[in-house]
Every structure is written in structure tokens, then in C-alpha cells.
Amino acid sequence: MLQKQTLVDLSDSSPTKHNANCVVMVPPKEFGFNPETAKDNEFQQGSTLAIDELRAQVMQEFESMVSQLRSAGIQVIVLDYAVGDQVTPDAVFPNNWFSTTSKGELFTFPMACENRRSEVRLHELREALEMSGRHVDAEHSFEHYLEQDAYLESTGVMIFDHINRTIYAALSQRCDRDVLEQFAEQSGYSRVVSFQTLLPSGKPIYHTNVMLAIGERFCVICDEIIPQYERTFVVRSLAKDKQIISISLEQMNAMCGNVLQLESINGEKVIAMSQTAFNAFTPTQRNQLASHGRLLSFDVSTIESVGGGSVRCMLGEVFLPARSRFL
């Protein structure tokens with residue numbers, strides 16, 4: 001049983017606020033290995049567990065993470081849903097299909113894999129947000145780009161520097177340059193830094209958020225997978241007002257790039273990551289990160305290995321204004 005959220009002050013919705021104090025998480029009720037996403041997600045691995053055992057294990061990881069986040073002062077909205085005809089094995093990664101703004105906007109996005117599009121449960125999301133005291137003033141959908149086979153998987157592919165109104169994005173099948181620039185224009189971001197990546201397999205990285213994380217005053221980046229002619233520009237752009245924490249390819253494969261800075265309802269900064277990532281950071285890197293927020297690590301090893309995503313992928317940030325000062 002998931003814990004109930006306590007009364008908290010969620011009134012801070014400054015337009016330049018970088019960190020959310022509220023997240024949406026979706027329970028892994030239908031979790032499993034997704035062969036469609038495995039075509040370009042090299043982080044996915046098969047499992048020898050029976051499906052019921054696998055889902056019980058990942059549900060335990062999910063519920064423990066929800067509980068720990070709430071204990072740290074983060075509002076967690078659990079988006080439950082009724083199981084339908086279309087199985088959604090990756091529903092636990094909601095950050096790929098929606099994003100929100102402090103102006104009350106809710107955006108939905110086109111996802112590349114057909115069996116992931118059933119994860120877009122707009123009615124249920126809107127209802128859960130409203131019940132949790134978060135108000136949606138306007139909705140914008142980019143899903144019509146599916147007709148053009150053009151995709152933009154939300155904060156999976158777009159890493160926001162909210163303070164500098166800049167979007168960083170690794171181009172791939174899941175991140176179309178034209179849709180990216182159209183979104184930036186419509187949402188009021190003044191600058192887009194898009195770049196290529198190259199893995200040892202010869203493929204691009206499937207999602208930017210496994211190789212790059214941006215906090216208020218730091219970033220974690222696996223810059224070695226960016227071609228040299230673009231790498232210098234990207235790193236210099238980030239280094240203008242961020243501490244650069246460079247990770248290796250091996251550390252990226254341990255999900256060190258898939259971290260997210262959040263803020264508690266008391267204003268304490270925290271950095272959410274998996275236990276796998278925490279263990280893979282060097283002591284020096286952990287100290288650097290800890291200077292920007294308390295480190296929160298979660299054991300989501302089954303979700304990571306089978307689903308190919310980690311803690312950041314499981315968190316849909318909510319920047320929407322609260323209807324009232326207290327919830």
C-alpha cells in the first residue's frame with residue numbers, strides 16, 4: 001500500500017524555477033521486456049523471471065521509491081490506470097510522453113514505438129493532477145507529428161536548462177530536429193543546442209537523459225559519445241554557469257547520466273538517482289554532486305535492466321501551479 005501524501009506548501013511556481021517539487025509516477029502493472037524499444041535501446045536486457053515474479057519485484061522497487069521520495073518532501077502523484085487491451089510494458093517511464101510548465105501548460109508528445117503510444121492517458125493524468133491540487137490551464141499536443149513519422153519523446157530526449165531557457169537534445173529517431181525546434185518556439189525556449197552522438201555500436205544514444213542531466217548549477221555528461229566537432233561547443237555552453245561532472249561510457253551504462261535534481265517542499269535540493277548509479281560514481285563525483293543537493297538513491301535494478309531506463313525516466317516533473325497554498 002502506497003503512503004498518503006501529507007499537507008505541504010507547494011506555492012512556489014516561479015517562471016525561472018529549475019527544480020520541480022512534484023512528480024508523476026506510474027506503477028509498473030504491465031511491466032516487461034519491450035522488443036519494440038529494444039531495437040535502439042541498448043540498455044535493455046532480458047529476464048529469466050516468470051512474468052508474475054518479475055512484476056511483483058518491480059512493483060516493490062516502485063513502491064519503495066515512491067515512499068522514499070515522499071519521506072524526502074517530494075510530492076508524488078501516482079497515476080494509476082485500468083489495464084486495457086494494449087499492454088504497456090514501459091508505462092513506468094512517463095517522462096517520455098508529457099511535460100508541464102509553471103504557466104499551467106500541459107504538453108503531450110509523439111513517441112516512436114507504437115506500443116508505447118497507448119501510455120498516453122491524458123484524461124487520467126489531468127484528473128490525477130487536478131485531484132492533487134495542480135491546475136492545467138492549457139493543453140498542447142504534438143502527437144499530430146506521428147502522421148509524418150516524426151517523434152519527440154519529451155524529457156527523455158530534451159534536457160531543459162530552465163534558467164537559461166535552453167534545451168539540449170541528442171538527435172536520434174526519437175528526437176526529430178524540426179519537431180524539437182517547433183516545440184522550443186511554442187513553449188518559449190529561446191535556444192536549442194542539438195547534437196549528434198555515437199556509441200561503440202555505431203548507433204546514436206536512444207535518449208539524451210541517459211547521457212546528460214542538468215541541475216541548477218551542475219551537469220552530468222558523457223561527453224565522449226559526442227563527436228569532437230560538436231563536443232567542445234556543447235561543453236562550453238554548459239560550462240558557462242554549471243559545474244561539469246564528466247562521466248565515462250562505462251558510468252553512463254551504469255545510469256550515472258540518468259539523475260534528476262528536485263526540490264523538497266521545504267526548499268531542500270535533492271538529487272535522485274539509482275543505487276546502480278550511486279555505486280558507479282567515484283567518491284570525488286559523489287562529493288561534487290552532494291554540494292548541489294542531498295543524494296537520494298533507489299534500488300530499481302530490475303526496472304533498469306529489463307526496461308532500459310532508470311530513476312529519471314520514472315519521474316514526470318510537475319511544474320504546474322498549485323490551486324491553493326496547501327494541499
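Three strands build an open sheet with mixed pairing, and their order is β3-β4-β5. At the edges lie β3 (98-100) and β5 (138-141), each of which pairs on one side only. From one strand to the next, the twist averages 20°. Please keep in mind as you look around that this is a predicted model.

Let us look at one of these pairings. β4 and β5 run parallel and are joined by four bridges. Within this pairing, T108 stands opposite S141 in β5. Helix α2 packs on the sheet and touches β3, β4 and β5, with its direction at about 155° to that of β4.

Which residues of α2 are buried? They are L125, A128 and L129. These residues lie on the same side of α2, because they cover an arc of only 100° around the axis. Their cover includes β1 (22-25), β2 (75-78), β3 and β4. Just after α2 comes G133, which takes a positive phi of about 85°.

E119 is found in the loop between β4 (105-108) and α2 (122-131). Is E119 buried or exposed? Its relative accessibility is 2%, so E119 counts as buried, the cut-off for buried being under 20%. The side chain of E119 has a partner as well: it makes a polar contact with the side chain of R116 at 2.7 Å. Leaving aside neighbours within four places in sequence, E119 is in contact with T88, D90, A91, F93, W97 and M111.

One of the residues involved is T166, whose bridge partner in β8 is R191. Together with helix α4 (residues 177-187), β7 and β8 make a β-α-β unit, and this unit is right-handed.

| Strands | Bridges | Sense |
|---|---|---|
| β4 and β5 | four bridges | parallel |

Note on methods: Residues are numbered from 1 along each chain as its sequence is written. This is a predicted model: local features need pLDDT of at least 70, side-chain atom pairs count only at pLDDT 80 or more; totals for chains, interfaces and linings use all residues. Side-chain values use heavy atoms; hydrogens and water are left out. Helices (H or I, at least four residues) and strands (E, at least two) are DSSP runs, numbered from the N terminus. Buried means under 20% relative accessible area, exposed over 50%, partly exposed in between (1.4 Å probe, protein chains only). A polar contact is a pair of N or O atoms within 3.5 Å; within protein, one must be able to donate a hydrogen and the other to accept it, and residues adjacent in sequence count only if both atoms are side-chain atoms. Contact means heavy atoms within 4.5 Å. Two strands pair if DSSP finds at least two bridges between them. Axes are lines fitted to C-alpha atoms, for helices over the stretch in contact, and angles run from 0 to 180 degrees between N-to-C directions. A crossover is right-handed if, with the strands pointing away from the viewer, the path from the first strand over the helix to the second runs clockwise. The arc is that of the directions from the helix axis to the C-beta atoms.
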